[in-house]
Amino acid sequence: MLLLDDGTELAFPARAFDASGLRLVRLGQRLRVETDPDGGVVRVTFPTMA
């Protein structure tokens, strides 16, 4: 579960985290969320990652 800046909770499937290549995300870290045309989360990465 992600918490957006506006306080909205955003659930994402495990495959979106798997696609990122990340191993660990800590509480409070900023993330970039990539979505598909339907608004579903497809990838979660750090803002500095390509």
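# Salt bridges, a hairpin and a pocket

A search of the whole structure, which is a predicted model, turns up 3 salt bridges.

Visitor: What makes Arg30 and Asp5 a salt bridge?

Guide: Their side chains come to 2.6 Å, N to O. The cut-off is within 4 Å, from a side-chain nitrogen of Lys or Arg to a carboxyl oxygen of Asp or Glu, so the pair qualifies. This pair links distant parts of the chain, 25 residues apart: Arg30 sits in the loop between H1 and E3, and Asp5 in the loop between strand E1 (2-3) and strand E2 (9-10).

Visitor: And why can side chains like that pair at all?

Guide: Side chains of opposite charge can do so when their charged atoms come close.

Visitor: Is Arg30 buried or exposed, and how do you know?

Guide: Arg30 has a relative accessible area of 56%. Exposed means over 50%, so Arg30 is exposed. Asp5, at 71%, is over that mark too, so Asp5 is called exposed as well.

Visitor: Which salt bridges does Glu34 form?

Guide: Glu34 forms one with Arg32, where the closest N and O atoms are 3.9 Å apart. The side chains of Glu34 and Arg43 also meet in one, at 3.7 Å, N to O. Both values are within 4 Å, so both pairs get the name.

Visitor: Why is Glu34 called partly exposed?

Guide: Its relative accessibility is 26%. Buried would need under 20% and exposed over 50%, so Glu34 falls in between. Arg32, at 29%, is partly exposed by that reasoning, and so is Arg43, at 22%.

Visitor: How do you know that E3 and E4 are paired strands?

Guide: There are 4 bridges joining strand E3 (residues 32-35) to strand E4 (residues 41-45). At least two are needed for a pair, so these strands count as paired. E3 and E4 run antiparallel, and Val33 stands opposite Val44 in E4. The two strands form a hairpin with 5 residues between them, and Gly39 in the turn has a positive phi of about 95°.

Visitor: Now the loop between helix H1 (14-18) and E3, where Ser20 lies. What makes Ser20 buried?

Guide: Ser20 has a relative accessible area of 4%.

Visitor: What makes the approach of Phe17 to Ser20 a polar contact?

Guide: The backbone oxygen of Phe17 lies 2.5 Å from a polar atom of the side chain of Ser20. The limit is within 3.5 Å, so the distance meets it.

Visitor: Gly21 is in the loop between H1 and E3 too. Is Gly21 buried or exposed?

Guide: Gly21 has a relative accessible area of 60%. That is over 50%, so Gly21 is exposed. Gly21 and Thr45 are 24 residues apart in sequence, yet 8.1 Å apart in space, C-alpha to C-alpha.

Visitor: What lines the largest pocket?

Guide: There are 13 lining residues, and Leu2, Leu3, Gly28, Gln29 and Leu31 lie nearest its centre. The lining divides into 8 nonpolar, 2 polar and 3 charged residues. The volume of the largest pocket is about 350 Å³.

Notes
Residues numbered from 1 in each chain as written. Predicted model: local features only at pLDDT ≥ 70, side-chain atom pairs only at ≥ 80, totals over all residues. Heavy atoms only, no water. Buried < 20%, exposed > 50% of the residue type's maximum accessible area, 1.4 Å probe, protein only. Polar contact = N/O pair within 3.5 Å; in protein donor to acceptor, adjacent residues only side chain to side chain. 1 Å grid on protein atoms, 1.4 Å probe; cavity = no way out; pocket = protein on both sides within 12 Å on 5 of 7 lines; lining within 4 Å. Points joined across faces, edges and corners; volume = space filled by probe spheres on them. Nonpolar A, V, L, I, M, F, W, Y, C, P; charged D, E, K, R; others polar.
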